[in-house]
Amino acid sequence: MAELVENNGTELTEEMKLANRVQFLSFTLGDEEYGVDILRVQEIRSWEPVSRIPNVPDYEKGVVNLRGAIVPIIDLRERFGLGHLAYTPLTVVVVLQTQAEQGHARIMGVVVDSVSDVIDVEEKTIQSAPNFGTKVSTEFINGLASVNERMVMLLDVNKLLKLDGLDNEDES
Amino acid sequence: MSIDMAQFHQVFFEESFEGLEAMESGLLNLDMGDVDDEEINTIFRAAHSIKGGSGTFGFTSVSDFTHVMETLLDEMRDGRRQVTQTAVDVLLGSVDCLKEMLTAIQDEQEIDEASVAEHKKTLEIELNGEENNSVTVETSAVETINTELLQADEDGEQGWHIAFSPHTHLLKTGNDPVRMFRELSGLGELTITVDFQGVPDLYDLDPEECHLSWDINITGAISAAEIDDIFDWVEEDCDLAVQSLSAKAGKAQITSTPNPTAATVAGQDETHAPTTETQSQVKAVKTANKPQAKKTNKEVAKSSAKGSGSIRVDTAKIDTLINMVGELVITQSMLSLVGEHFELNRLDQLKNGLAQLERHTRELQESVMNIRMLPISFVFGRFPRLVHDLSTKLEKKIELVLIGENTEVDKTVVELLSDPLVHLLRNSLDHGIEMPAERAASGKPETGTVTLEAYHRGGMIVIEVRDDGKGLNKDVLRAKAIEKGLIDGDTVLTDKQTFELIFMAGFSTAEKLTDVSGRGVGMDVVRRNIQSLGGNIEITSELGKGTTIAIHLPLTLAILDGQSIAVGDERFIIPLGSIIESVNIKENMINRVAGKGETFRLRNEYLPIVRMHEIFEVKTALATKLTEGLVVVVEGQGMRCGLFIDDLLGQQQVVIKSLEANYRKVEGVSGATILGDGSVALILDIPGLVRLSNQ
């Protein structure tokens with residue numbers, strides 16, 4: 001009986017711990033490590049040739065057919081101004097989706113150098129993103145987390161994917 | 001009742017809106033002099049179902065309101081009341097009011113009680129005012145159909161005798177007699193005798209079947225409707241006879257025929273003596289006629305914004321689909337059989353199988369597309385009312401002729417077509433058709449005719465709005481355009497171009513504005529809407545004879561006939577409809593304007609050249625000199641231009657996919673499609689390209 005109670009007790013604390021933890025998928029771009037909320041990741045694919053879209057910024061690589069849906073692919077390296085890296089069969093595309101707004105989630109693929117890990121981050125330990133002024137674009141960075149002494153920049157998927165919509169408005 | 005009624009609300013609303021439409025068109029069809037009984041019956045039935053439905057779902061305000069309408073209609077049906085224009089107008093007004101009430105309930109908003117009360121009052125005035133004059137038959141009616149509350153019997157014995165013998169499958173429909181008895185017991189004192197003679201031997205007994213029947217006596221002040229409500233759900237699955245205890249002697253009998261035959265329907269039409277007509281009988285007839293009514297009005301109620309996501313499909317279409325999927329499965333199993341033990345001598349079999357597969361896939365695609373098709377009557381259906389109202393308002397005599405209402409069009413097209421058509425029709429009524437006196441003076445019949453015709457032509461649907469009115473006056477149009485500064489005084493215009501002036505923004509020739517039309521904002525919007533659907537609009541007119549406006553639209557927005565082209569290593573699709581021709585141009589055809597813009601001469605016409613590889617920044621383009629590649633002459637929004645490309649690849653049907661769903665709108669591109677090899681090709685938006693090249 002006493003054992004049972006104890007068990008329940010540990011389970012409870014475990015759950016409480018989990019409740020405050022967020023899982024991120026981490027990936028690398030050059031020397032930098034980034035993370036996205038794992039619940040926003042739909043799938044991870046290898047790079048495949050895209051159909052180019054005319055008259056758009058270079059980092060918008062084009063669109064691919066993802067099981068019947070037309071999905072845009074964005075090169076995060078180029079998006080963040082980290083220079084272009086030649087695509088190899090090992091280049092990874094992380095397919096992300098936004099939180100459904102009005103029942104419609106947008107899907108987009110981002111090209112990254114490699115996917116590294118799934119990391120557990122305690123919500124409390126997430127630092128807010130430092131302000132670098134206008135020099136470095138930090139608008140997509142939700143916060144910084146430290147994992148094994150490494151710094152991981154946590155990206156805001158909604159902002160990352162929404163950017164296109166904003167661009168669109170500016171153009172039209 | 002423990003069933004969650006909310007899940008049926010949507011169906012109720014759809015059916016009610018259908019019913020309202022049926023009532024409206026029925027009322028408009030009523031011929032004052034010679035009233036068609038069947039027509040009134042249809043209207044009555046619609047009203048009755050709405051009343052019943054709203055009662056069931058607890059929308060009492062609706063059922064109370066409909067009840068008054070129903071009473072009025074009932075008297076008309078029995079011939080106890082003359083069908084007058086005023087009565088019809090009052091009823092039409094009530095239909096509108098009902099529509100508002102239902103929409104309000106659907107949107108979970110407050111019902112405008114004031115307007116409801118007002119309409120109800122008008123109805124009651126109409127009802128009672130006439131009733132005083134026609135008391136003759138009334139007195140002879142022992143029990144009229146709509147006497148909701150049975151009057152207390154003089155003998156003091158109030159109640160009903162119900163003979164209820166369910167069909168064997170009753171339990172399978174999810175109905176439980178016990179539950180119904182429980183509800184009955186809530187109404188009054190119950191005496192039930194069960195008849196178990198029908199129960200088979202234990203050996204033959206299927207426990208899921210119901211073999212019992214009951215005789216129920218219920219006493220208390222109960223209305224027929226209350227009993228009716230309880231048996232509403234099982235009506236079609238049982239033999240039910242409800243008799244008033246006081247009338248058991250055989251005065252007023254209420255019987256229900258489980259399988260109403262055509263004879264009952266026909267019989268009822270001739271029966272005018274209300275004594276024999278009973279509520280249940282009417283209900284039975286209603287059910288018998290329902291499939292018919294559905295067929296003609298199967299369109300989903302447009303007025304419900306929420307309902308636009310659903311579609312009602314003809315069962316036959318679904319059956320075809322199922323058949324086709326069945327065949328597909330057979331073909332697939334055949335193919336896998338061939339594949340399992342493949343030898344070279346079975347190659348023919350494989351080829352056959354693949355050919356079959358291709359055919360099935362195509363058929364399947366067609367029938368799936370077909371599901372989205374709705375008859376155009378979905379839009380046309382509300383025009384009689386519009387014409388009726390407007391002609392009264394404008395004091396003109398106008399007849400509306402509808403042709404080809406059953407022409408089927410894609411749901412999306414149908415929905416987007418509605419507003420432009422309303423606008424065109426209003427224009428025809430307001431500006432096209434002259435006043436009766438004017439018409440008579442010019443030797444035309446006083447009644448003007450407006451024709452709405454829909455037909456298919458070459459993969460497009462054509463909708464024509466024709467009137468025999470005064471036609472467009474070219475000189476007036478021209479003068480007006482010059483006055484408004486839309487064209488220069490010395491511009492030479494062809495007839496066609498002159499007529500097209502009316503599509504320009506800010507153009508109106510009406511001397512004074514009416515609230516019907518004439519503000520000059522409409523026609524350009526109409527044209528824009530039509531063009532956004534991938535269609536075009538043409539206008540022909542003869543002064544004094546009338547105007548015809550023809551709208552050409554693609555049958556569907558989901559599939560497009562495309563020409564795939566190559567520019568470098570990239571593939572694009574040009575909508576086949578916008579291609580006029582493809583030419584190899586020679587050096588001597590090319591002209592340069594101001595050193596930059598390139599044009600070429602094609603049969604005495606100078607067309608601008610749009611270099612695809614330049615505006616789409618294709619770096620791999622093979623042909624950079626105009627003489628090396630091909631020029632495809634395309635037309636969009638009345639503008640022609642030559643698209644300079646590398647090569648034409650082939651024609652194919654492509655399924656249009658949205659770029660905007662995950663991405664955004666791209667200038668010069670209307671969508672994307674997936675090619676046979678799984679890659680994505682962009683579909684060119686010709687007007688957009690022309691705009692892009694002008695920048």
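Reader: Where is the place of B:V414 in chain B?

Author: In this predicted model, B:V414 sits in helix α15 of chain B.

Reader: Is B:V414 buried or exposed, and why?

Author: B:V414 counts as buried because it has 23 C-beta neighbours inside 10 Å. The cut-off for a buried residue is 20 or more.

Reader: Which residues does B:V414 touch, leaving aside those up to four places away in sequence?

Author: B:V414 touches B:L374, B:I376, B:F378, B:V379 and B:V409. As for B:F378, its C-alpha is 7.4 Å from that of B:V414, while the two residues are 36 apart in sequence.

Reader: Staying with α15, at what angle do α14 and α15 of chain B pack?

Author: Helix α14 (residues 383-394) of chain B and helix α15 (residues 411-432) of chain B pack at about 30 degrees, and their axes are 10 Å apart. The angle is under 35 degrees, so α14(B) is roughly parallel to α15(B).

Reader: Left-handed or right-handed, that crossing of α14(B) and α15(B)?

Author: The crossing in which α14(B) passes α15(B) is right-handed.

Reader: Which residues in α14(B) and α15(B) meet?

Author: On the α14(B) side they are B:F383, B:L386, B:V387, B:L390, B:S391 and B:L394. They meet B:V422, B:L425, B:R426, B:L429 and B:D430 in α15(B). Sorted by class, the residues of this contact are eight nonpolar, one polar and two charged.

Reader: How many of the residues of α11(B) are buried?

Author: The count is one among the 26 residues, and α11(B) is hardly covered.

Reader: How do the axes of α11(B) and α12 of chain B cross?

Author: The axes of α11(B) and helix α12 (residues 347-371) of chain B cross at roughly 160 degrees and come within 9 Å. That angle is over 145, so α11(B) is roughly antiparallel to α12(B). The crossing of these two helices is left-handed.

Reader: Which residues of α11(B) and α12(B) make the contact?

Author: From α11(B) they include B:L321, B:M324, B:L328, B:M334, B:L335 and B:V338. From α12(B) they include B:L350, B:L357, B:H360, B:L364, B:V368 and B:I371. In total, the residues of this contact divide into 11 nonpolar, eight polar and three charged.

Reader: And α2(B): what are its length and its surroundings?

Author: Helix α2 (residues 37-56) of chain B has 20 residues and reaches 28 Å from first C-alpha to last, close to the 28 Å expected at 1.5 Å a residue. Of its 20 residues, 16 are buried, so α2(B) is largely enclosed by the rest of the structure. B:G58 follows α2(B) and has a positive phi, near 80 degrees.

Reader: On that subject, which residue other than glycine in chain B has a phi near 50 degrees?

Author: B:E617 has that positive value. B:E617 lies in the loop between α20 (612-615) and β19 (630-636) of chain B, and it counts as exposed because it has 12 C-beta neighbours inside 10 Å.

Reader: What about phi of A:N55, and where does that residue lie?

Author: A:N55 is not a glycine, yet its phi is positive, about 55 degrees. It lies in the loop between β3 (41-46) and β4 of chain A. A:N55 is partly exposed, because 13 other C-beta atoms lie within 10 Å.

Reader: How many helices and strands has chain A?

Author: Chain A has three helices and 10 strands. Along the sequence the pattern is α-β-β-β-β-β-α-β-β-β-β-β-α. Of its 172 residues, 27% count as buried. Among contacts in chain A with a separation of 6 or more, 53% are between residues 24 or more positions apart.

Reader: How many residues does the contact take from chain A and from chain B?

Author: The contact takes 19 residues from chain A and 19 residues from chain B. On the chain A side, β4 (60-66), β5 (69-75), β7 (107-112) and α3 (157-171) each supply at least two residues. β5(A) gives the most, with four residues.

Reader: What classes of residue make up the side of chain A that touches chain B?

Author: That side of chain A has 10 nonpolar, six polar and three charged residues.

How values were computed
Residues are numbered from 1 along each chain as its sequence is written. Chains are lettered from A and ligands numbered from 1 in the order in which they are written. This is a predicted model: local features need pLDDT of at least 70, side-chain atom pairs count only at pLDDT 80 or more; totals for chains, interfaces and linings use all residues. Axes are lines fitted to C-alpha atoms, for helices over the stretch in contact, and angles run from 0 to 180 degrees between N-to-C directions. Angles under 35 degrees count as roughly parallel, over 145 as roughly antiparallel, 65 to 115 as roughly perpendicular and the rest as oblique. A crossing is left-handed if the near helix is turned anticlockwise from the far one by less than a right angle, and right-handed if clockwise. Two residues are in contact if their C-beta atoms, placed from the backbone, lie within 7 Å. Ala, Val, Leu, Ile, Met, Phe, Trp, Tyr, Cys and Pro count as nonpolar, Asp, Glu, Lys and Arg as charged, and the others, Gly among them, as polar. The expected span of a helix is 1.5 Å times one less than its number of residues.
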